[in-house]
Amino acid sequence: MTDPALTPSIFSLHPLAWVAAVLAALLLAVLALAWCLAGWLSQPYRPEIGAAPQELGATAVEIATSQGMVRGWYAAGTPGQGAVLLLHGVRADRRAMLPRALALHARGHGVLLIDLPAHGQSDGEMLSFGPREGLGIAAALAWLQAQQPAEKVAVIGASLGGAGLLMADLLQPPDAVVLEAVFPSMEAAVDNRVRAVLGPLAPLAPIATPLLLWQMPLRLGLDPYQLRPIDRLAAWSRPVMVLGGTEDRYTPPAETRQMAEAASQAQQSAQLLWLVPGAAHVDLHQFAPQAYAAQVFGFLRAHLQVNEQSR
């Protein structure tokens, strides 16, 4: 006959012990889910790219960086019209910027479209949400400036592309910049996305957001609270135009206004801000092509064309 005292049973646990055990299991499950989600978000994005479209007349290029090759398409423009580096957002590739490239090239501008590091055909083992992408962006900008030394060079950066530009250590800044839906800080970017995903459970964001942010030092060796594009923008001296959508939940209008205010204070000039009515976190060129051409391409033309007397 078995001695009951020597046979522990989970059924004899105190109710508080049951509660503690359930909470511990839930916490472990949440931590595991957050770890897996963050791991998926930081994985490289590797779609098939294919050849450049014939109408662009571009050649494939490879640009060396300290962390491997950045790859893209380059098409020279009409002398005196300048050139534009085009930077896509997270989990996309150079093709996302192709409609802009075609429109700009038709206007005489040279264009360079790249895959950000760990995107498309560019090297990279992990997304870093700014710093590592910035290394590739800095190399691509320097390459474009070297290709057309007599031309002015601008950058259009969408979301992660714009953030990576601001966090990059540039040898020579561009002559003008367009920032589309660029987050002011990593903390804000993650929190906004968590709230959008949680929907009715958004009040849980103060718990979920830190669970994602705490992994960045472990995975990437980066402090997420130091990743603040808005601080770098506040020291920017070249002309900047800031764009965003009025319905963007990932980079809300209030944050887009903050970015525009930082740029205007740095330049001691009026804000160049365009909030696109009805647009969410989408391709703003595709959403409002005619208005985009008037606003953005007009801004670039004003800052890229070289006066014939200065050539």
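1. Tryptophan 73 has leucine 113 as its bridge partner in β4. The strand that pairs with β4 here is β2 (residues 68–75): the two run antiparallel and are joined by four bridges. Pairing requires at least two bridges found by DSSP between two strands, and strands are DSSP runs of E with at least two residues, helices runs of H or I with at least four, both numbered from the N terminus.

2. A word on the basis of these remarks: this is a predicted model, where local features need pLDDT of at least 70 and side-chain atom pairs count only at pLDDT 80 or more, while totals for chains, interfaces and linings use all residues. Residues are numbered from 1 along each chain as its sequence is written, and side-chain values use heavy atoms, leaving out hydrogens and water.

3. Now to β3 (residues 83–87), which pairs with β4 in the parallel sense over four bridges. Valine 84 stands opposite valine 111 in β4. Together with helix α2 (residues 98–106), β3 and β4 make a right-handed β-α-β unit; right-handed means that, with the strands pointing away from the viewer, the path from the first strand over the helix to the second runs clockwise.

4. How many residues of β4 (residues 110–114) are buried? Five of its five are, with buried meaning under 20% relative accessible area, exposed over 50% and partly exposed in between (1.4 Å probe, protein chains only). Gly110, Leu112 and Ile114 cover one side, and Val111 and Leu113 the other, all of them buried.

5. Lastly, leucine 201 lies in the loop between α5 (186–198) and α6 (205–213). Leucine 201 counts as partly exposed because its relative accessibility is 48%.
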